[in-house]
Amino acid sequence: MYSIVDRQELTKRDMISLTIEAPVIARRIRPGQFVIIRINETGERVPLTVAYADAVNGTIKIIFQVVGKSTALLASLPVGEAIKDLAGPLGAVMEFENVGTVVGIGGGSGIAVLHHLLIGYKEAGNRVISIIGAREKALLILEDEMRELCDEVIPTTDDGSYGVHGVVTDALSGLVEHGERLDLAVAVGPLVMMRAVCDMTKLYDLPTIVSLNPIMIDGTGMCGGCRCTVGSETRFACVDGPHFDGHKVDFDELIRRNTTYSRDERMSLLSSVRRG
Amino acid sequence: MAERVEHDGAVVTGAGLAAYCPSCREALTVLGPSGRDVSLHLTVRYGDETGDLFLAPSAEGGRRSGSVHLCGKTAPDDVLCPHCGASLVDGQRRCRACGGPRARVLVAGVRQARLSAFCVTAGSVSALSGEATPKPAERESRHRMPERDAVLRARDFAEVTYGFDHGLAVAEAARCLSCKKPKCVEGCPVNVDIPAFIAQIKEGDFVGAARTIKKRNALPAICGRVCPQDQQCEELCTLRKKEGSVAIGALERFVADFERGTDAVAIPPRAPHTGKRVAVVGSGPAGLTLAADLVQLGHGVTVYEALHKLGGVLAYGIPEFRLPKEVVEAEVSYLRHLGVRFEVDAVIGKLYGLDDLFAEGYDAVYLATGAGLPIFLGLPGENLCNVVSANEYLTRVNLMKAYLFPDYDTPAPKGTSVAVVGGGNVAMDCARTALRMGSRDVTVVYRRTRGEMPARAEEIVHAEQEGVTFRYLTSPVRYVGDEQGWVRQLECVTMKLGAPDASGRPRPIPIAGSAYLLNVDLVLVAVGAGPNPTLFSGCEGLERSERGYIRTFDDAGRTSLPRVWAGGDIVTGSATVILAMGAARLAARDIHAYLTAGQTEWPTSGGRPA
């Protein structure tokens, strides 16, 4: 059993941060890797990318948005409760090279994963800029942590309540137009956001790494549910990824594949609400 | 209600209970003419007229329907089995209330079948009056295990076969010739002393028989259900070409279930501790067998499992209706009692590498991670929604219990018309699972003919009975999707058989211009599995074959790394449960010799890759 030692509500709505005791995983996990959580005996296996690992205290931090039954249940667990299963670290280990200037682009709960990745790029000696976006100011997470880590932070909000009025790609094009020399982009967030970023960075000829979140069961290469097309090749996100060259990813296919169980997910949520 | 009590009891054949004929052991529990009620199917005779009678339990005490007009309480002259025609009437007693005949049927109980007698006129009542099971007909031909009616069983996940009852087991055991040189033992990859345990069954010593098997095989209830006996022990049985092989698998299952059901499971004496520790990677058939062997020899054994449930393919792959998970859990719990330690959620290669395991103090490591990487055909449209690997489908349904969705949170893909690509056991499991998940048409697409299908004979027959359609000499070439990206059709070509290929089976050759479209909304791809790469990220220096499996240098499974053995599907590629167990048995013997002899060198240099 893996105990929850800290719980934070990062936004007023539905962004939760949980710190979970998992000493071995905390020691082994590298930025960008993920874990699979099963909350209880009837639960799903939920893949969640780790936002921060504390090897000294033996804890990992996961940050997620409540989107369905499992995340709602996870969000309801108080400090001291334990989750039944936690498997990891999963996913390929990323190489962090010193390329010069790295721009990180994060949206929603993806900002948490981006933060972990940017730690890797910062440690490799890169200059790091981050663009973090949300619908409104109240939903923007980890701004302070990003400011501490990055050389420059550009927040954006869709409604203009804070930072750049617009979406993350507006801030990215702004950066480029101001003559900023960028060597690598790292985008983590909703698929449509990552697709938009990649469409733009293709024009700038800027290499882009994305972190994919396909449907997964075991997370160890066994089911093939997470397969996606990368450069006309089928790859398994769980063992080959979840990070890929964004310019080669077939986002449209992945967006379609991720809707496979939308109806079931609604039904699952409804039935659990009915049962209370 | 009062009327019901007056008659002598009848059988309630609701969910979970099934009745079958005491003579031929065919299922009498079927889906009634209404298509809704589970009913007891009997043939009744009034004078010269015979007809079908369906008794369905209901709150009012039984609803009757059938081809004969059944007036009030008029008792029939005779009640017959609709399959073999044997009379089911209890000659000794009649119903105390109406004086009508009492029919006797076998009812499958939790542990054993029981004989129950009831008044046919009354319809249905509650209590089962237990009587001694009658001896089955003495015959020279092989006895079949009672099976649930195909239409009924294809609607739920309860086990298909009921296993032998005492009478059938003894009658079947009596067929064994006790050959002086038993070929069957040679056919068994773990060399169970088959004639010895069958002789014990003849004498009624069922628990003794179970223990005889357990000396060689720690998982008899599993093997009795999933071994391809028809290609192993039973194939070599002297009686095979005469009256049919002795049903060795069914007998093995019977004694294992008997021992478990009567709480007679005993923990055999364990050798004194050797102080040596062995890490086993993977809790499938190979890992469990090796763990059982070594722990009994006095070594400390820990099994690491990447998933949250133990059993490997037994847990995620083989469906509930073929291998109830309760059976797997019971056999795993037996190993726990033997002293084996288990760690779940431990992804070796990620959480720990081989170096970490040796640093933890293990003296030997056994790699038995199986062939867990699903193979796809590489056809256009393969990533459309609802094109799913067999592994994913079965894992969702078995491991994650999607058949209980939404009580369990994991859903499974649904389809009205399902195509299953492949002809092995996994393909049969997928097809039969799809029927149970509510699919209307399930078609197995296989590129050779029925004779070449690698699936166990019983699985093919069961699939056919349950209504799976087979398209032989058919190979898929393309998936066709709709605008939303969901699969809608499978384009297939017809094949003909050519000269034998490397596998010794005739090579299928596409017939030009034979392409056609099959309408489907779910495709399950069951064309095999490859070596899962997850393990290898933590195993530097481990040599692998061209196909990516672990290279071993002798029959015991020694690898290129000192103190590391491997066995099962991760060495051979996809095979069977019992072959993996056979490999583990050899490895266990070698590991034991290595650990106790205090050897330090790793003599593989002169070896040949096995």
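**Close-up views of chains A and B**

**Figure 1. Salt bridges between the chains.** Across the interface of chain B and chain A the rule finds four salt bridges (a side-chain nitrogen of Lys or Arg within 4 Å of a carboxyl oxygen of Asp or Glu). In one of them, the side chains of B:Lys309 and A:Glu41 meet at 2.8 Å, N to O. This is a predicted model, in which local features need pLDDT of at least 70, side-chain atom pairs count only at pLDDT 80 or more, and totals for chains, interfaces and linings use all residues. Residues are numbered from 1 along each chain as its sequence is written, chains are lettered from A in the order in which they are written, and side-chain values use heavy atoms, without hydrogens and water.

**Figure 2. The interface of chain B and chain A.** In contact (heavy atoms within 4.5 Å) are 46 residues of chain B and 48 residues of chain A. The two chains bury about 3,800 Å² between them (accessible area, 1.4 Å probe, lost on being put together, summed over both), 53% of it on carbon and sulfur atoms. B:Lys350, B:Asn383 and B:Asp409 supply 20% of the area that chain B buries against chain A, more than any other three residues.

**Figure 3. Helix H8 of chain B.** This helix (a DSSP run of H or I, at least four residues) covers residues 248-261. B:Asp263, which follows H8(B), has a positive phi, near 55 degrees.

Methods: Helix = DSSP H or I, 4+ residues; strand = E, 2+ residues; numbered from the N terminus. Expected span 1.5 Å × (residues − 1).
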